[in-house]
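Please read them with the structure open.

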Amino acid sequence: MSTVESSGTRSAPDAARAAFEQVYSRPPGWTCRAPGRVNLMGGHVDYNDGLVLPAAIDLEIAVAFTAREDSRLRVYSTQFDEWVEFDTRDLTPGSISGWAAYPAGVAWAMAQSGLPLRGLDAALAGNLPIGVGLSSSAAVEVGFAVALRRSSDLDLTAMELAKVGLKAENDYVGVRCGIMDQLTSACAQAGHAILLDCRSYEIKQIPIPPGLRLVMMCTGIQRELSSSDFNTRRTECEQAAQRLAAIDEDIRSLRDVTPERLHTLLRHLPPPLDRRARHVVGEIERVRLAAQALEQGETERFGELMFASHRSSRVDYQVSIDQLDTLVELAQQGPGGLGARLTGAGFGGCTVNLVGASLADDFRGFVSEGYEALYGEPPQAFVSDAAPGASLEKVGA
Ligand code: GLA
């Protein structure tokens with residue numbers, strides 16, 4: 001099988017379709033796309049049953065595909081210039097690694113739920129950078145969940161697709177993340193942030209007031225979630241909740257601790273569990289306040305909460321690095337900058353900034369210059385509106 005020319009500046013679905021035609025010498029039946037995300041508020045609270053406020057961005061992955069008669073999955077990735085081929089009935093957690101673990105994990109998760117799967121011939125492309133904290137892995141999971149739903153003629157809601165992606169990530173890939181990324185990629189609406197209750201899975205779409213843009217500034221420091229302290233943070237939160245449950249059996253997770261009760265409970269937590277709990281409890285409250293501010297158009301208030309969230313992620317949750325802190329400090333002085341925080345897991349990756357639309361380019365220039373003066377390299381920057389969640393299109397329809 002041949003490999004493919006660089007996809008240039010084509011849209012992700014066009015690049016996937018062109019790659020499919022080159023490697024299979026025929027057009028695909030379908031293309032689907034699934035976006036990356038930023039998290040405007042609510043860092044590291046999804047796996048504490050908390051509230052989060054993410055939005056999808058217009059950087060995305062796309063899968064061009066045709067259903068197969070058998071249960072094999074063949075995928076060519078343009079970003080890695082690599083093939084993978086496997087039978088969806090033969091998968092066991094960890095049996096496939098690297099980028100291909102995500103399509104494999106999704107097929108495994110669907111098969112585990114007893115869903116009858118038909119395979120795919122597929123090509124995967126995208127303009128969503130990998131490993132920078134914009135959820136490329138969740139986008140790939142949701143993209144393949146959409147493709148397998150189509151090829152296998154399954155009746156699954158967007159929320160169910162997100163849960164399949166989460167199972168793939170937790171139990172096949174081995175990262176103990178929460179559902180925020182997959183759910184945003186599957187369920188987002190253009191122009192909206194999603195207020196998601198990670199305990200009840202209730203969602204509320206909140207319009208982002210007009211005249212604002214999302215600016216992502218990337219440190220260029222790649223983070224590998226499975227090898228980072230991510231799983232450690234989750235374990236620390238569980239330990240904190242267990243200790244507090246010994247005092248009050250109604251505390252099932254840190255979600256059950258109110259800000260009012262926190263200061264009396266903190267003395268029962270040894271370091272660093274006290275700091276972790278302080279972040280999580282404060283952050284869930286900030287999401288509530290931020291959602292209200294957004295609904296009322298109080299964008300300055302919203303921005304202040306973003307800065308407070310970053311501070312708490314740095315000081316109490318200890319998931320920031322100097323380069324992220326620099327980007328947030330610069331954002332505080334940047335023209336049109338309302339708020340900034342690290343997005344995603346931290347430990348590298350990028351910041352999300354809420355910026356007045358007319359000043360987005362000036363803002364990006366200002367932050368880039370300041371960052372380059374310190375670190376010798378400008379940060380990679382992206383400007384986006386809140387994008388729609390995953391969608392499917394029949395080729396030639
Ligand atoms: C990663 C995980 C998410 C969430 C964030 C932190 O992006 O995939 O589930 O925990 O980190 O908010």
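1. Trp99 is buried in this predicted model, its relative accessible area being 11%. Its ring pairs with that of Phe80 in a stacked arrangement, with centres 6.2 Å apart and 15 degrees between the planes. Phe80, at 36% relative accessibility, is partly exposed. Phe80 sits in the loop between β3 (72–77) and β4 (82–87), and Trp99 in the loop between β4 and α2 (101–112), so the pair ties together parts 19 residues apart in sequence.

2. Trp108 and Tyr172 make a tilted pair, because their planes stand at 50 degrees, with ring centres 5.9 Å apart. Trp108 belongs to helix α2 and Tyr172 to helix α4 (residues 158–173), so that distant parts of the chain, 64 residues apart, are linked. Trp108 is buried at 7% relative accessibility, and Tyr172 is buried at 4%.

3. The whole structure holds 7 aromatic pairs. Ring pairs also join Phe20, Tyr24, Tyr76 and Trp83 into a cluster.

4. Two rings have a charged residue over the face. Lys394 lies over Trp30, 4.7 Å from the ring centre. Arg233 lies over Tyr317, at 5.9 Å from the ring centre.

5. Which residues come nearest to the ligand? They are Arg37, His44, Asp46, Gly178 and Asp181, out of 13 residues around the ligand. By type, the shell divides into 5 nonpolar, 5 polar and 3 charged residues.

6. A polar side-chain atom of Asp46 is 2.6 Å from a ligand oxygen. A polar backbone atom of Gly178 lies 3.0 Å from a ligand oxygen, and a backbone N or O atom of Ala345 lies 3.4 Å from one. The protein buries 98% of the 300 Å² that the ligand exposes when taken alone.

7. His44, one of the residues nearest the ligand, has a positive phi, near 60 degrees, without being a glycine. His44 is placed in the loop between β1 (30–41) and β2 (51–67). Is His44 buried or exposed? His44 is buried, because its relative accessible area of 7% falls under 20%.

8. Tyr201 also is not a glycine and has a positive phi, about 65 degrees. This residue lies in the loop between β6 (192–197) and β7 (203–207). Tyr201 is partly exposed, with a relative accessible area of 24%.

9. The peptide bond joining Pro271 and Pro272 is cis, with omega about 0 degrees. Pro272 is in the loop between α7 (259–265) and α8 (273–295).

Technical notes: Residues numbered from 1 in each chain as written. Predicted model: local features only at pLDDT ≥ 70, side-chain atom pairs only at ≥ 80, totals over all residues. Heavy atoms only, no water. Helix = DSSP H or I, 4+ residues; strand = E, 2+ residues; numbered from the N terminus. Buried < 20%, exposed > 50% of the residue type's maximum accessible area, 1.4 Å probe, protein only. Near = heavy atom within 4 Å. Polar contact = N/O pair within 3.5 Å; in protein donor to acceptor, adjacent residues only side chain to side chain. Areas by Shrake-Rupley, 256 points an atom, 1.4 Å probe, with all protein chains shown as cover. Nonpolar A, V, L, I, M, F, W, Y, C, P; charged D, E, K, R; others polar. Phe/Tyr/Trp six-rings, centres within 6.5 Å; stacked < 30°, edge-to-face > 60°. Lys NZ or Arg CZ within 6 Å of the ring centre and 35° of its normal.
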